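Trainee: I would like a close look at one part of this model, followed by how the rest of its chain is put together.

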Amino acid sequence: MSITVKYFASLREQMGTGEVRLDTSAATTVGEAWQQATDGADLPANLLMAVNMEYVDAHHKVQDGDEVAFFPPVTGG
Amino acid sequence: MHIEIRTGQFDPYVEVSRYQRTTLNLPGQYGATAVFVGSMRDFNAGDSVQAMHLEHYPGMTERYLEKISAQAASRWDILDSLIIHRVGELRPDDPIVLVAVWAAHREAAFDASRYLMEELKSRAPFWKKETLPDRSRWVTRADE
């Protein structure tokens, strides 16, 4: 199955891209998708995660076609 | 209940007045209007700041602001709320965010506006990048 992975702000700059497509197996979690997208990097402690624009944790399972986003703590307002 | 992301400058006081007259349109019913305006400073963490870029997650930001607006409306006895937030390139003194809440009485207006502002700051997907005289940097939570 295939998912879209998005990065924002400082993480987007570190990754050198705002969006990648990822081919994953069924029952992949958001945490596993992070590892797959980053060639095994540890999940940063303060990283925020969303699936289809709703906050989730690293154990959330992704579905085919999902939009998975990773970003640093927010600083709006 | 209305939320909006703006790419250009806005005058929060004109927005409050316009919303109150045209959209809210409940003359005589609200005894309290709580208004919070956040503006850009020209200093942060000991440095002079010349400009700022505000990034957001299009789609998720709007969804999140709608969600907290609905939560505020169910938790407090308020008549309406308005949130406007800037994105893009900002200069010092530019308004960044407006949160306005209308209610019959002040307690609900104060409490709901405080709630909206705190939820926005802690979870709405916006990120600030500052331009300093010699470099640029992403603002972190500890700086604010």
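Trainee: Leaving aside its neighbours within four places in sequence, which residues is B:Asp93 in contact with?

Mentor: This is a predicted model, in which local features need pLDDT of at least 70 and side-chain atom pairs count only at pLDDT 80 or more, while totals for chains, interfaces and linings use all residues. Residues are numbered from 1 along each chain as its sequence is written, and chains are lettered from A and ligands numbered from 1 in the order in which they are written.

With neighbours within four places in sequence set aside, B:Asp93 is in contact with B:Ser39 and B:Met40 (C-beta atoms, placed from the backbone, within 7 Å). B:Asp93 lies in the loop between strands E7 (88-90) and E8 of chain B; helices (H or I, at least four residues) and strands (E, at least two) are DSSP runs numbered from the N terminus. B:Asp93 is exposed, because 9 other C-beta atoms lie within 10 Å (buried is 20 or more, exposed 12 or fewer, partly exposed in between, with C-beta atoms placed from the backbone). Its C-alpha is 7.6 Å from that of B:Asp42, 51 residues away along the chain.

The largest nonpolar core has 48 residues, of which B:Ile78, B:Ile83, B:Val101 and B:Ala109 touch the most other members. Strand E8 (residues 95-103) of chain B gives the largest share of this core, 8 residues. Such a core is a set of buried Ala, Val, Leu, Ile, Met, Phe, Trp, Tyr and Cys residues joined through C-beta atoms within 7 Å. Beyond four places in sequence, the contacts of B:Val101 are B:Ala34, B:Ile78, B:Ser81, B:Ala109, B:Ala112 and B:Ser113.

Helix H3 (residues 106-123) has 18 residues and reaches 26 Å from first C-alpha to last, close to the expected 26 Å (1.5 Å times one less than the number of residues).

Definitions and conventions: Two residues are in contact if their C-beta atoms, placed from the backbone, lie within 7 Å.
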